[in-house]
Amino acid sequence: MNIADRPFATKSEWVYEQLRRRILGGGYKPDDRLRLTELAREFNMSEMPVREALRMLQRDGLIEMHSHRGASVANLSWSRAAEIVSVRMHLEVMAVREAAKGHDKSSLADLTKILDRMDRDLAAGAAARFSTGNREFHRRLYEPGPNAVLKQEIEELWDRVWRARSQSIFEVDRPRMAAAQTEHRAILAALARGDGEAAIRHRDGTLDSWAEIVRRSEPPPAH
């Protein structure tokens, strides 16, 4: 692979970006092994920059490093994923508040189309497609907001859970799809009034669902 024209400062940064895109794009699945020697051969470089790229991915929470098995794509525990989602949802409330006044008829119409499509996915029981629509809906909610750093932080938190969990919340808690749509419609109605506060109720409903999933899926810590 020719990297002569890459716009990155170092080989490690270039490898990091290639692997990150594969993970977030679904090219690698949770628990897939990332073998150092094979990657170095594929990218036609020494193992050192590849090793550094793997450390960067570990820092992002996208891979896990094992002392005797090397690296693998992260498969987050439900409890860890719930913590990340909690932070993201609190930031989203702030972002939607800031974006509320920036919505217009066109953006609200786009949000309505997304929800209509999600209704069809809900009726079909298509949890994976519903999850994709859910992320798009959320992104469009805070898109008109002025704080680029805030929006980037939210996107990075989405990414940390998006591909590092083999199942979405809607696949595990299917009734949550209908409840989420009710909350989504309330947010849309509030935005039509220039009010972003309905996002708080959606946050609380989402976090309650995550807490229940954690309770069912993972045993309590030993005392």
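Which residues in H4 meet which residues in H7? From H4 come Arg80, Ala81, Ile84, Val85, Val87, Arg88, Leu91, Glu92, Met94, Ala95 and Glu98, and they meet Leu150, Glu153, Ile154, Leu157, Trp158, Arg160 and Val161 in H7. Contact here means heavy atoms within 4.5 Å. The residues of this contact divide into 12 nonpolar, no polar and 6 charged, where Ala, Val, Leu, Ile, Met, Phe, Trp, Tyr, Cys and Pro count as nonpolar, Asp, Glu, Lys and Arg as charged, and the others, Gly among them, as polar.

A word on the model: it is predicted, local features need pLDDT of at least 70, side-chain atom pairs count only at pLDDT 80 or more, and totals for chains, interfaces and linings use all residues. Residues are numbered from 1 along each chain as its sequence is written, and side-chain values use heavy atoms, with hydrogens and water left out.

The pLDDT (the predictor's confidence in each residue, from 0 to 100) averages 88 for the protein, and 91% of the residues score at least 70. Over residues 1–5 pLDDT stays under 50. Where pLDDT is low, the predicted coordinates should not be read in detail.

Here are the helices (DSSP runs of H or I, at least four residues, numbered from the N terminus) discussed in this report.

| Helix | Residues |
|---|---|
| H4 | 78–99 |
| H7 | 148–162 |
| H10 | 198–217 |

The axes of H4 and H7, lines fitted to C-alpha atoms over the stretch in contact, come within 9 Å and cross at roughly 155 degrees. H4 and H7 are therefore roughly antiparallel (angles over 145 degrees, on a range from 0 to 180 between N-to-C directions).

Ser209 lies in H10. Not counting residues up to four places away in sequence, Ser209 touches Ile169, Asp173 and Arg176.

Key
Helices (H or I, at least four residues) and strands (E, at least two) are DSSP runs, numbered from the N terminus. Angles under 35 degrees count as roughly parallel, over 145 as roughly antiparallel, 65 to 115 as roughly perpendicular and the rest as oblique.
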